[in-house]
Amino acid sequence: MRITNGIIASCILGMISAADQHEEMRCKARPGCHLAKCEPGPLSPSLNVNEYPVTCVRTSAQDWEEYKELKSEMRIMRTDLTSYASRISSLENENKKTTAEMEALKTKLLKSEQSNKALLKELNALGIKTNDLESHLAEPNTALLRSCEDVQLESALARNDSGCVFKLDIPEVGITNVFCDVTDDGGNWTVFQRRMNGDVNFSRGWDDYVKGFGDLQGDHWLGLEALHQMTKTGNMEMKIKMITKNGVYWVAKYSNFRIGPGSNKYRLHVSGYSGNSTSGDGFSSHDNHQFSTKDADHDGSPGNCASLLEAGWWYHICYHSNLNGNFHKTDDKGVRWGQDLLQFSEMKLRKRS
Ligand SMILES: [Ca+2]
């Protein structure tokens, strides 16, 4: 839409100048030309009503019609704009409402988070208390004991599934797992040697015999240093349980049992035999002998008994009892009490009552 050849003049309402009158006359003199009514100029919206310019348009009849049509469209657009403004206002109100709701939710969420934190804190405190209680309840079983004599029968039976293995705090040795026999002959026994299935190799060097090896629930050797530390104060007795290859059950008990220090090669001091073996006392003959292993020969023979018989032991001359012998051998190298082969042996010590 355009205003063709239109002559636009600005004038003030009610103040048509002489020039305008002249222009009007000129306009009338031209055929097909009309003088538009003075209308507020849409292009000057910033002016107030008193300063409103008046646009006087002189157009052809066709332009005049187009001009009116344009004005009509502008009115519609104004109506639309009003509608849009109303809609925007409505949306703004909705937005404010939504924002307020979001703020309320945020506040609720914040409170909820604070509440959760408080609950977590309480839960942690409860967890700590529970752990303390569990530790306290477990204390009778897990507290460090000095010897198997400190093991209470009730607590030992209560943890029977662990096979009566306890952590002992052995002086100069430290924390050591030990199998405590809490039932045999009044209990209080510390088991320091067992042969029952041949799963553990006993043909080992000096260091292994000093530190100990094997499975506490099965074949094992507690260790020479632990033996020395546990018996050095004296007043200890020792018991050996045996089952021969023929299935005969024997017991040998010694009222005195002590192992010397490493500097004396863990020399054996044993006496006071009593027992039911038909072969008699098979161990006292080892009294006062140092311990030997295949790599540390302290025996009284020209050769190396430990190497020959595949086991560490308190040898003098090689051929006597050897409870550490080769479990799978049936000759001199086997597990022997005197000359009798054994299928089971267990050595244990406790304070003499
Ligand atoms: Ca020798």
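1. Buried is used here for a relative accessible area under 20%, exposed for over 50%, and partly exposed for values in between. By that cut-off C318, with a relative accessible area of 8%, is buried. The model is a predicted one, and the points below should be read accordingly.

2. C318 is bonded to C305 in a disulfide, with the two sulfur atoms 2.0 Å apart. The torsion about this S-S bond is -80°, and the link is left-handed. C305 belongs to helix α6 (residues 305–309), while C318 sits in the loop between α6 and β13 (336–337), so the bond ties together parts that are 13 residues apart in sequence. C305 has 0% relative accessibility and therefore counts as buried.

3. Which residue does C148 pair with? A disulfide joins C148 to C180, at an S to S distance of 2.0 Å. Because the torsion about the S-S bond of C148 and C180 is about -75°, this disulfide is left-handed. C148 is in the loop between α2 and α3 (153–158) and C180 is in strand β6 (residues 174–181), so the pair connects parts that are 32 residues apart in sequence. Both C148 and C180 are buried.

4. The count of disulfides in the model is two. With bonded cysteines counted along the chain, their pattern is 1-2, 3-4.

5. The cut-off for a disulfide is 2.5 Å between the sulfur atoms. C164 is buried, with a relative accessible area of 8%.

6. S301 counts as buried because its relative accessibility is 14%. G303, in contrast, has a relative accessible area of 34% and is partly exposed.

7. On the surface, a nonpolar patch is formed by L81, Y84 and I88, which together have about 350 Å² of accessible area. I88 is part of helix α2 (residues 61–142). Its relative accessibility is 48%, so I88 counts as partly exposed.

Key
Residues numbered from 1 in each chain as written. Predicted model: local features only at pLDDT ≥ 70, side-chain atom pairs only at ≥ 80, totals over all residues. Heavy atoms only, no water. Patch = residues over 30% accessible without salt bridge, like charges linked within 9 Å, V, L, I, M, F, W, Y side chains within 5 Å. Areas by Shrake-Rupley, 256 points an atom, 1.4 Å probe, with all protein chains shown as cover. Salt bridge = Lys/Arg side-chain N within 4 Å of Asp/Glu carboxyl O. Helix = DSSP H or I, 4+ residues; strand = E, 2+ residues; numbered from the N terminus. Buried < 20%, exposed > 50% of the residue type's maximum accessible area, 1.4 Å probe, protein only.
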